[in-house]
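Reader: I am new to this structure and would like a close look at one part of it. Could you take me slowly through the aromatic rings and how they pair?

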Amino acid sequence: MGIGAQHVIAMFGATFLVPLLTGFPPSTTLFFTAIGTLLFLLITKGMMPSYLGSSFGLLAPIGAVTGFSATAGEELEPHAMALAQGGIISVGVTLALVGLVVHFAGVRWIEVTMPPVVTGAIVALIGLNLAPAAWDWVKEAPLTAVITIVAILLITVLFKGMLGRLSILLGVLIGYGAAWLQGQVDFSTIGGAAWVGLPSFHAPAFDLGYLGLFVPVVLVLIAENIGHVKSVAAMTGRDLDHLTGRALFADGISTVVAGSGGGSGTTTYAENIGVMAATRIFSTAAYLCAAIIALVLSLLPKFGEIIATIPPGVLGGAATVLYGMIGLLGVRIWVENRVDFSNPINLNTAAVSLIVAIANFTWAPGGLQFEGIALGTASAIIIYQVMKGIARWRGTDPDALLSDSSPADSPPAEAVQAHEVSDPPDRC
């Protein structure tokens with residue numbers, strides 16, 4: 001139970017920021033993260049430790065559909081929220097189908113379609129596309145935002161272990177205190193909330209015109225889930241590739257369930273990987289306890305209203321750090337996989353896709369709507385595959401040329417042996 005509580009605390013800051021940034025009910029989102037985690041444990045047969053928190057990959061498409069801005073007193077328009085839920089469901093269905101294919105066909109086809117340069121670009125452009133939203137919130141209360149940012153940064157370097165890993169949560173609490181001292185926090189809604197009760201649920205609505213905004217996010221969730229499986233495998237020393245399809249399917253089903261009732265889409269959480277790395281405890285029973293704790297908290301409406309009082313300045317400060325982290329997670333994928341940017345195929349793949357996302361290019365053919373994340377994602381995949389195919393056809397692929405030239409550049413084994421024999425012993 002204690003380790004489970006740690007997992008709840010670890011995911012708490014990031015998970016609650018998503019509904020606050022999108023206008024979705026915090027208690028409802030927490031409720032569906034708990035249900036999603038239970039489904040994940042069931043579908044993976046209790047063999048993959050993971051908490052399914054709120055996905056940041058869906059922030060941009062949700063915002064594009066709802067037009068919500070986290071300013072004091074503004075409420076989310078119900079029909080716009082319902083349309084966003086329909087988009088979330090489409091993401092979940094697509095991810096579940098991918099999980100089924102991976103389970104029966106293996107994960108190799110994903111690695112071929114999305115090599116590290118493409119995966120890194122897609123993850124990076126999600127965070128960078130969201131940068132203007134962070135600035136909009138910071139402008140509401142610049143001093144509070146700066147206090148929140150500074151608190152997060154200082155806690156990260158001042159403390160080790162769990163405290164350091166909870167820098168987002170603790171930084172938000174410090175920013176909240178600063179906002180309260182400045183009179184920026186409105187407590188009026190807390191008194192009228194009940195102590196115990198079900199969260200509010202909302203029915204979804206569907207518009208095919210928004211599919212172009214949401215479906216590309218599936219690629220981000222695929223990358224996050226595969227990364228989670230590989231991270232747990234590395235920490236435990238076990239081969240868990242056979243669970244990749246189940247993990248993708250479980251996350252897809254969880255996202256469908258969340259979207260059906262008014263929750264944000266779900267994904268595996270890096271924060272909880274950090275807890276496992278720190279505690280060296282990988283028990284899925286701890287995640288079962290975490291899901292139960294989160295479920296109980298979601299049934300306390302007054303608790304949800306307290307979370308909803310976090311003001312825009314605090315959200316802006318936390319979002320500045322988190323959005324930047326999302327962007328740099330993509331860079332981390334490049335670094336860990338040693339992506340060679342002297343190769344013009346890799347360079348152009350990343351360059352074009354990032355600019356398309358940062359500038360938020362928009363295309364609306366035949367009633368469909370495609371914005372920066374969708375177009376940037378498509379650019380990364382298409383540019384890489386087309387340039388790679390042409391380069392192989394023309395014989396100009398730098399990777400192929402390097403592999404062909406390596407044996408010729410190396411001296412023959414006989415020459416190496418002769419050189420070693422001719423050197424006197426004292427030369428070493």
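Author: A residue counts as buried under 20% relative accessible area, as exposed over 50%, and as partly exposed in between. By that rule, in this predicted model, Phe341 is partly exposed because its relative accessibility is 28%, whereas Trp334, with a relative accessible area of 10%, is buried.

The structure holds 4 aromatic pairs, and one of them joins Phe31 to Phe201, whose ring centres lie 5.4 Å apart with the planes at 70 degrees. Planes over 60 degrees apart count as edge-to-face, so the pair of Phe31 and Phe201 is edge-to-face. This pair connects distant parts of the chain, since Phe31 belongs to helix α2 (residues 26-43) while Phe201 sits in the loop between α10 (167-181) and α11 (211-214), and the two are 170 residues apart. Phe31 is buried, with a relative accessible area of 14%, but Phe201, at 40% relative accessibility, counts as partly exposed.

The rings of Trp334 and Phe341 form an edge-to-face pair as well, because their planes stand at 80 degrees, and their centres are 5.0 Å apart. Here too a buried residue, Trp334, is set against a partly exposed one, Phe341.

Finally, Phe31 and Phe201 are part of a cluster, in which ring pairs link Phe31, Phe32 and Phe201.

Key
Residues are numbered from 1 along each chain as its sequence is written. This is a predicted model: local features need pLDDT of at least 70, side-chain atom pairs count only at pLDDT 80 or more; totals for chains, interfaces and linings use all residues. Side-chain values use heavy atoms; hydrogens and water are left out. Rings of Phe, Tyr and Trp (its six-membered ring) pair if their centres lie within 6.5 Å; planes under 30 degrees apart count as stacked, over 60 as edge-to-face and the rest as tilted. Helices (H or I, at least four residues) and strands (E, at least two) are DSSP runs, numbered from the N terminus. Buried means under 20% relative accessible area, exposed over 50%, partly exposed in between (1.4 Å probe, protein chains only).
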